[in-house]
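Open the model in your viewer and keep the sequence panel at hand. The stops below each give a selection and then what is found there.

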Amino acid sequence: MEHRVLIYAPTGKDGRLIAQVLGQAGLVCVVCEKPAEVFQKLAQGVGSVVLADEALTSAFLKPFVQFLENQPAWSDLPIVVLTKQGTDAPEIQHIFLKLGNVTLLERPVRSVTLISAANSALRARKRQYEMQEIDRRKDEFLAMLAHELRNPLAPISAASELLKIDVLDQDRARKTCDVISRQVSHMTTLIDDLLDVSRVSRGLVTLEQKLLDARQIVAHAVEQVRPLIDSRRHRLTIQTPPETATIYGDEKRLIQVITNLLNNAAKYTLEGGSIALLLDVDSENVILNVIDNGIGMEPHLISQIFEMFVQAERTSDRSQGGLGIGLALVKNLVRLHGGTVSAHSAGAGQGSKFVVTLPRAPMPVAGPHQDREDSGSPQTKMRRLLVVDDNVDAAQMLGMLLEAAGHEVLVEHNAKTALERARTEMPDFCLLDIGLPDMDGNELAKRLRAQPETTKAVLIAISGYGQERDRENTARAGFNYHFVKPVDIGSLLEILAGYSIQ
């Protein structure tokens, strides 16, 4: 960011006096007495401009206005004009409209007023530079997002073409299906991360808190990241305390925190590197350290590593992958748990260390022993299902999966025929896409509830939207469950098997 104040006062000692006043306030000034000097300094970059009104000649204003009009989209250079004519003079008002982002000060002006106006101009310029950086990161993020989504699409496309070959043997067909499943899971993870960081940063996440042993959280996180660590041949060292490290928090979210930190260490450490996960406790806190001997971080990166879309230097092949949102998510989730997270590195090539500190919870007092009944797993039953989705491929594939699980499946592609089919066939479950063209899924659900034949059917929303307000909308419409695309088939089958139809 450029902090200099450019002063253009072509006559007398005005320029030097203005610079002296602003300099006493700690501002860096550049005084110009000729238009050529002004445009040379503008080309180099300045934080704001202070102009004496005698400088506002037509010969100067024409190229100056042209310069202002040609600024990049993020830039709106702040200008302070000192005028003897009075701020209401028609000539000054005309110039004010031409220059745009102008503060008019009537001379003689008090020093404190001039300093205040200059500082305000520089603060406004600082916000512009910040917006420029946000725009740059946004553009870079969109390019990364396109890259990350195209990567899994390539093997999915190749696998789908391969499945069209009639002579494909069973073993190769199974491997091809495994490829599709893995890549869809990868894409789902990317999209879930995006939604998560949006929900968390806006305070829309509700933590399901309970007493937890941090040692178990560590074990679950390591289990999830182990395939990546092993594939890159890293050595993972884990140290946990002998005593219980009790914390009060959301198990899923805390596993997510540690998983993201371990993923980050694995990605930014060259193959065959070392990663250490150290868990410790003191009287008040549970402290987690994730240490690697990877590529490290420069000081400027450490200061912004927890901001959205920030990553370490990437190679052109994007081998590390990711969207640069994992650490932003870590910071917000740790904050929601009343903790802190910090990053440390001695520099490029010196490895990194991330430290998470969470409040330690007191051990609960042991209560009387309570026997628990093991209800066992629900017995699988054949259900009659109605699938409604205007995406023919999506409806057919979901229907085929459900039929393979032993259910009777009816498929429709619009709401009107679905209502009539439901009236005659009386399905046990209705799986409805929310984004239907003729009638949205919420309205269809209300009408199904109003029909005597389907008033007790179990309604399952299938939507590309999973925000809290989307779930509230489907619940109000009468849905029993809300699934976000792509549907988690395992969870869906559990619901179908365990739900008791009245």
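Where is the place of Pro 108? Select Pro 108: its place is in the loop between E5 and H5. Helices (H or I, at least four residues) and strands (E, at least two) are DSSP runs, numbered from the N terminus.

Before going on, note that this is a predicted model, in which local features need pLDDT of at least 70 and side-chain atom pairs count only at pLDDT 80 or more, while totals for chains, interfaces and linings use all residues. Residues are numbered from 1 along each chain as its sequence is written, and side-chain values use heavy atoms, with hydrogens and water left out.

**Stop 1**

The peptide bond that joins Arg 107 and Pro 108 is cis, with omega about 0°. Most peptide bonds are trans.

Now show the side chain of Glu 54. Arg 107 and Glu 54 meet in a salt bridge, 3.4 Å from N to O. The term stands for a side-chain nitrogen of Lys or Arg within 4 Å of a carboxyl oxygen of Asp or Glu. Arg 107 is in the loop between E5 and helix H5 (111–163) and Glu 54 is in the loop between E3 and H3, so the pair ties together parts that are 53 residues apart in sequence. Arg 107 counts as buried, at 17% relative accessibility, and Glu 54 is partly exposed at 25%. Buried means under 20% relative accessible area, exposed over 50%, and partly exposed in between (1.4 Å probe, protein chains only).

Together with Glu 54 and Arg 107, they are linked in a network of salt bridges.

**Stop 2**

Select residues 79–83, which form strand E4. How many of its 5 residues are buried? The count is 5 of 5. Ile 79, Val 81 and Thr 83 are on one side of E4, Val 80 and Leu 82 are on the other, and both faces are covered.

Next, show strand E3 (residues 48–52), which pairs with E4 in the parallel sense over 4 bridges. Two strands pair if DSSP finds at least two bridges between them. Val 49 has Ile 79 in E4 as its bridge partner. Then show strand E5 (residues 102–106), which runs parallel to E4 and is joined to it by 5 bridges. Here Leu 82 has Leu 105 in E5 as its bridge partner.

**Stop 1**

The structure holds 19 salt bridges. Select Lys 126 and Glu 130, whose closest N and O atoms are 2.9 Å apart in one of these contacts. Both lie in helix H5, 4 residues apart, about one turn of the helix. Glu 130 is partly exposed at 39% relative accessibility, and Lys 126 is partly exposed at 41%.

Then select Lys 210 and Glu 251, which meet in a salt bridge of 3.6 Å, N to O. This pair links distant parts of the chain, with Lys 210 in strand E6 (residues 209–213) and Glu 251 in helix H8, 41 residues apart.

**Stop 2: the cavity**

The structure holds 1 cavity of 30 Å³ or more, and the volume of the largest cavity is about 120 Å³. A cavity is a set of points, on a 1 Å grid over the protein atoms alone, where a 1.4 Å probe fits but cannot get out; lining residues have an atom within 4 Å of a point. Grid points are joined across faces, edges and corners, and a volume is the space filled by probe spheres set on the points.

To find the centre, select Ile 247, Ile 258, Leu 288, Val 356 and Leu 358, which lie nearest to it among the 14 lining residues. Helix H7 (214–231), helix H8 (251–267), strand E10 (285–292) and strand E12 (352–359) are the elements that give two or more residues to this lining.

**Stop 3: a positive phi**

Finish at Arg 233, in the loop between H7 and strand E7 (235–239). Arg 233 is not a glycine, yet its phi is positive, about 60°. Arg 233 is exposed, with a relative accessible area of 53%.

Key. 1 Å grid on protein atoms, 1.4 Å probe; cavity = no way out; pocket = protein on both sides within 12 Å on 5 of 7 lines; lining within 4 Å.
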